Amino acid sequence: MVSPTLPEVWLRGPVPGVHPVLMPVAHALLQVAEDLDGSGVLELSPAQLWTRPGGAASVGYHLQHLAGSTDRLLTYARGESLTDEQRAALAAEKSPPEPPPTAQQLVEQVHRVVQRAVNQLRETPAQEIHTACAVGRAALPSTVLGLLFHSAEHATRHMGQVITTVKVVQAG
């Protein structure tokens with residue numbers, strides 16, 4: 001959700017310390033964090049957070065997946081393999097754990113991941129953005145830039161689904 005006093009993040013100029021080629025990634029991820037803050041997620045009851053309207057994914061799922069997938073994509077962009085903890089988190093995204101995380105916990109998790117992502121962008125040397133990276137156990141081909149860009153567009157896609165699903169469950 002756009003702040004009533006500020007333009008969207010991409011219209012506020014460069015993010016300090018981020019290379020211009022990676023600026024759209026930083027802008028998109030920071031916009032996700034701002035949109036989350038204005039999304040109404042924190043106003044949802046625990047039941048609303050995990051409800052699956054019409055069989056669609058829950059708000060809780062989208063937030064867990066947004067944070068987890070961003071973390072995994074950043075790992076691959078650093079040229080690293082997933083840890084056992086990351087693999088376990090991926091498996092756990094399919095259904096909420098018991099007890100399920102609260103809206104506050106999920107929002108904080110997304111904010112931490114976005115901050116780590118922006119820090120990683122600042123630390124990514126320009127000469128390495130076209131470096132080849134292997135993705136997943138199948139070692140599918142990508143590049144540092146491809147992974148960073150995909151992390152932003154994927155997070156943006158799920159944030160849009162969060163905003164829509166919040167409205168649906170609040171109306172129900």
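Reader: Is Gln 64 buried or exposed?
Author: In this predicted model, Gln 64 has its place in helix α3, which covers residues 59–77. Its relative accessibility is 10%, and since the cut-off for a buried residue is under 20%, Gln 64 counts as buried.

Reader: How many of the 19 residues of α3 are buried?
Author: Helix α3 reaches 27 Å from its first C-alpha to its last, which is close to the 27 Å expected at 1.5 Å a residue. The helix is largely enclosed by the rest of the structure, because the number of its residues that are buried is 18 of the 19.

Reader: Which element supplies the largest share of the largest nonpolar core?
Author: The largest nonpolar core has 44 residues, and among those with the most contacts inside it are Val 41 and Leu 63. Helices α1, α2, α3, α5 and α6 each supply at least two residues of this core. The largest share, 10 residues, comes from α6.

Reader: Which residues is Leu 63 in contact with, leaving aside its neighbours within four places in sequence?
Author: Leu 63 belongs to the residues with the most contacts inside the largest nonpolar core. Leaving those neighbours aside, its contacts are Leu 36, Val 41, Leu 106, Val 110 and Val 162.

Reader: In what sense do strand β1 and strand β2 pair?
Author: Strand β1 spans residues 132–135 and strand β2 spans residues 140–143, and one of the bridges joins Ala 132 to Thr 143 in β2. The two strands form a hairpin with 4 residues between them. They pair over 4 bridges, and the sense is antiparallel.

Reader: What is the phi of Ala 139?
Author: Ala 139 is found in the loop between β1 and β2, and at 46% relative accessibility it counts as partly exposed. Most residues other than glycine have a negative phi. Ala 139 is a residue other than glycine with a positive value, near 50 degrees.

Reader: Which element of the protein has the lowest mean pLDDT?
Author: The protein averages a pLDDT of 94, and 98% of the residues score at least 70. Among the elements, the highest mean, 98, belongs to helix α5, whereas the lowest, 90, belongs to helix α4.

Technical notes: Residues numbered from 1 in each chain as written. Predicted model: local features only at pLDDT ≥ 70, side-chain atom pairs only at ≥ 80, totals over all residues. Heavy atoms only, no water. Buried < 20%, exposed > 50% of the residue type's maximum accessible area, 1.4 Å probe, protein only. pLDDT = per-residue confidence, 0-100. Pairing = 2+ DSSP bridges. Core = buried A, V, L, I, M, F, W, Y, C linked by side-chain atoms within 4.5 Å. Contact = heavy atoms within 4.5 Å. Expected span 1.5 Å × (residues − 1).
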